[in-house]
Amino acid sequence: MEIAPIKTKRDYRRTLKEIEGLMTARRNTPEGDRLDILVTLVEAWEAKHYPLDFPDPVAAIRHHMEQNGLAPKGLTPYLGSRNRVYEVLNRKRPLSLKMIQRLHKGLGIPAESLIKVDEGVSATRT
């Protein structure tokens, strides 16, 4: 079984095409083993060249609001006053650690999304 590393986009496309042809391969067969190895190579290539990134905190909050029909005033238990809510949503105020904890525990927004540094706002306040 000859397998080469994926070094270029051409290699990547060729490997994807080969994987497509092996999708019906059974486990513990030479074809199944080849499929496992090629998928591992593609995953490594994609992780390096197409990394997934969390949205910025405000985008994560807005997405949660949209998905759950939550109005800005519904964020006051997590962020504070209505003015503070609008400051956060308009990127005028960064999230504090307490706000992040409340949003994560109360609304289930992933903490990783809330922690991401926003270049538009300076240091986090508590």
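Reader: Why is Ile 6 called buried?

Author: This is a predicted model, and every value is computed from it. Buried means under 20% relative accessible area. Ile 6 has a relative accessible area of 13%, so Ile 6 is buried.

Reader: Where is Ile 6 placed, and what does Ile 6 touch?

Author: Ile 6 sits in the segment before α1. Leaving out residues up to four places away in sequence, Ile 6 touches Asp 11, Tyr 12, Thr 15, Leu 41, Val 42 and Trp 45. A touch here is a pair of heavy atoms within 4.5 Å.

Reader: What makes Trp 45 a buried residue?

Author: The cut-off is again under 20%. The relative accessible area of Trp 45 is 7%, and therefore Trp 45 counts as buried. Trp 45 belongs to helix α2. Among the residues Trp 45 touches, not counting those up to four places away in sequence, are Ile 6, Lys 7, Tyr 12 and Tyr 50.

Reader: Which residues of α2 are buried, and why are they said to line one face?

Author: Gly 32, Arg 34, Leu 35, Leu 38, Val 42 and Trp 45 are the buried ones in α2. Seen down the axis of α2, they fall within an arc of 150°, so they line one face of the helix. An α-helix has 3.6 residues a turn, so residues three or four places apart point the same way. The face of α2 turned away from the buried side carries Asp 36, Glu 43, Ala 47 and Lys 48, which are exposed.

Reader: What do the buried residues of α2 pack against, and at what angle do the two helices pack?

Author: They pack against α1, residues 9-22. The angle between α1 and α2 is about 145°, and their axes are 10 Å apart. The crossing is left-handed. On the α1 side the contact includes Tyr 12, Leu 16 and Ile 19, and on the α2 side it includes Leu 35, Leu 38 and Trp 45. The residues of this contact divide into nine nonpolar, one polar and five charged.

Technical notes
Residues numbered from 1 in each chain as written. Predicted model: local features only at pLDDT ≥ 70, side-chain atom pairs only at ≥ 80, totals over all residues. Heavy atoms only, no water. Buried < 20%, exposed > 50% of the residue type's maximum accessible area, 1.4 Å probe, protein only. Helix = DSSP H or I, 4+ residues; strand = E, 2+ residues; numbered from the N terminus. Arc of directions from axis to C-beta. Axes fitted to C-alpha atoms, helices over the stretch in contact; angles between N-to-C directions. Left-handed = near helix turned anticlockwise from the far one by under 90°. Nonpolar A, V, L, I, M, F, W, Y, C, P; charged D, E, K, R; others polar.
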